[in-house]
Amino acid sequence: GQDLTLTLKKNLYGQKDAGKTWWEHLASGLEGMGFKQCEGDQYVWEKDGLVIIVYVDDCLLFGNSNDNADKVVEELGKIFDITDEGTTVEEYVGVKINHTKYGNFRMYQPHPMQKIIQAIPGMEKANNHLILASTSIILTAVKNGPGRKETWEYLSHLSAHTNSTRSM
């Protein structure tokens, strides 16, 4: 037998298929722990009153008890190199999270709306309101729906042909 030492020439993050490889590794680990992938959103995983939301290599864990969540964090730590950032989250990848006095939370994403308002002349003076989406509706992609370019063209058309002093 001959001892060999290998040098990694390229960081794994730089590999073309690094994202796919990471996702497969993460999915395999979560499935091995008994988590099931949500049908409506592939980045949401559920198990026994626990929910994990994944964005690339960041995860949020929600649970019906701290003890159950702590057990999952401990189990995740055996599979992955993780950092526990604590129990209170106010923002996650651009999504604001407001905790209510009843133990619930509301999630909303103000940044895309601000970009739309700034992109349309006169809209910064509009009276906008936070309207919460129904929790009973599962959002999915619209097949053959308008793309991003068509949506911006539509918004540009609206800005040119509507009164910007009206409430949104």
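This is a predicted model: local features need pLDDT of at least 70, side-chain atom pairs count only at pLDDT 80 or more; totals for chains, interfaces and linings use all residues.

Let me begin with a pair of strands: E6 and strand E7, residues 105–108, run antiparallel and are joined by 4 bridges.

His 99 has Phe 105 of E7 as its bridge partner, and Ile 97 stands opposite Met 107 in E7. The two strands form a hairpin with 5 residues between them, in which Gly 103 has a positive phi near 90 degrees.

I turn now to the other neighbour of E6. Strand E5, residues 91–92, is joined to strand E6, residues 95–99, by 2 bridges, and this pair is also antiparallel. Here Glu 91 stands opposite Lys 96 in E6. A hairpin is formed by E5 and E6 as well, with 2 residues between them, and Val 93 in its turn shows a positive phi of about 40 degrees.

Taken together, these strands make an open sheet of 3 strands in the order E5-E6-E7, with antiparallel pairing. Which strands lie at the edges? They are E5 and E7, each of which pairs on one side only.

Next, I would draw your attention to two loops. Most residues other than glycine have a negative phi. Asp 48, however, has a positive phi, near 45 degrees. Asp 48 is found in the loop between strand E2, residues 44–47, and strand E3, residues 50–55. Is Asp 48 buried or exposed? Its relative accessible area is 59%, and since exposed means over 50%, Asp 48 is exposed.

Val 56 is a further case: its phi is positive, about 55 degrees, although Val 56 is not a glycine. This residue lies in the loop between E3 and strand E4, residues 58–63. With a relative accessibility of 53%, Val 56 also counts as exposed.

Finally, let us consider the chain as a whole. The protein chain has 4 helices and 7 strands. Read from the N terminus, its elements follow the order α-β-β-β-β-α-β-β-β-α-α. How much of the chain is buried? Of its 168 residues, 17% are buried. The chain exposes about 14,000 Å², and carbon and sulfur atoms supply 52% of that area. Among contacts with a separation of 6 or more, 37% are between residues 24 or more positions apart.

Thank you for your attention.

Definitions and conventions:
Residues are numbered from 1 along each chain as its sequence is written. Side-chain values use heavy atoms; hydrogens and water are left out. Buried means under 20% relative accessible area, exposed over 50%, partly exposed in between (1.4 Å probe, protein chains only). Contact means heavy atoms within 4.5 Å. Accessible areas come from the Shrake-Rupley method with a 1.4 Å probe; for residues, only the protein chains shown count as cover. Two strands pair if DSSP finds at least two bridges between them.
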